[in-house]
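Hi,

Here is the structure I said I would pass on.

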Amino acid sequence: MNIDNNNLTSLDISNDPGLLHLNVSRNSLDQTAVDGILQTLDAYDTSDGSLDLTGNAAPSVIGMAYANNLTSRGWEVKS
């Protein structure tokens with residue numbers, strides 16, 4: 001799903017467990033929103049996806065742990 005460059009401040013992906021490709025780069029997501037996306041994708045326990053969060057707030061230490069979990073399952077995560 002490509003929803004980059006839209007000035008989004010939040011994104012609810014809590015009902016999309018089949019999501020494997022998400023580009024939300026160049027939006028206005030704060031750290032809480034970024035961490036939430038990472039947490040939700042990590043909870044789906046899927047492998048080999050891609051996530052682009054560049055151009056938004058940086059994830060927190062907790063968000064980075066979710067990103068590392070995704071990476072360990074073959075995800076490409078850009079933040």
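Predicted model: local features only at pLDDT ≥ 70, side-chain atom pairs only at ≥ 80, totals over all residues.

Asn56 sits in the loop between strand E2 (50–52) and H2. Is it buried or exposed? Its relative accessibility is 16%, and the cut-off for buried is under 20%, so Asn56 counts as buried. One of its polar atoms lies 3.0 Å from the backbone oxygen of Leu53, and the backbone nitrogen of Asn27 is 3.4 Å from a polar atom of the Asn56 side chain.

Stepping back to the whole chain, there are two helices and three strands, and reading along the sequence gives β-α-β-α-β. The C-alpha trace spans about 30 × 25 × 20 Å along its principal axes. The radius of gyration is 11 Å, which agrees with a compact globule, because one of 79 residues would come out near 12 Å. Buried residues account for 37% of the 79. If you take contacts between residues at least 6 apart in sequence, 62% of them join residues at least 24 apart. As for the surface, the chain exposes about 4300 Å², with carbon and sulfur atoms supplying 46% of that.

Now the inside. The largest nonpolar core has 16 residues, and the ones touching the most other members are Leu22, Ile37, Leu38, Leu41, Leu51 and Leu53. Helix H1 (31–43) and H2 each supply at least two residues of this core, and H1 gives the most, with five.

Not counting residues up to four places away in sequence, it touches Met1, Ile3, Leu11, Ile13, Ile37, Leu41, Ser50, Leu51 and Asp52.

Then there is Leu70, which lies in helix H2 (residues 61–72). Leu70 counts as buried because its relative accessibility is 0%. Which residues does Leu70 touch, not counting those up to four places away in sequence? They are Leu38, Leu41, Asp42, Trp75 and Val77. For a sense of distance, Leu70 and Asn6 are 64 residues apart along the chain, and their C-alpha atoms are separated by 25 Å.

Cheers

Conventions. Residues numbered from 1 in each chain as written. Heavy atoms only, no water. Helix = DSSP H or I, 4+ residues; strand = E, 2+ residues; numbered from the N terminus. Rg over C-alpha atoms; globule rule 2.2 N^0.38 Å. Buried < 20%, exposed > 50% of the residue type's maximum accessible area, 1.4 Å probe, protein only. Contact = heavy atoms within 4.5 Å. Areas by Shrake-Rupley, 256 points an atom, 1.4 Å probe, with all protein chains shown as cover. Core = buried A, V, L, I, M, F, W, Y, C linked by side-chain atoms within 4.5 Å. Polar contact = N/O pair within 3.5 Å; in protein donor to acceptor, adjacent residues only side chain to side chain.
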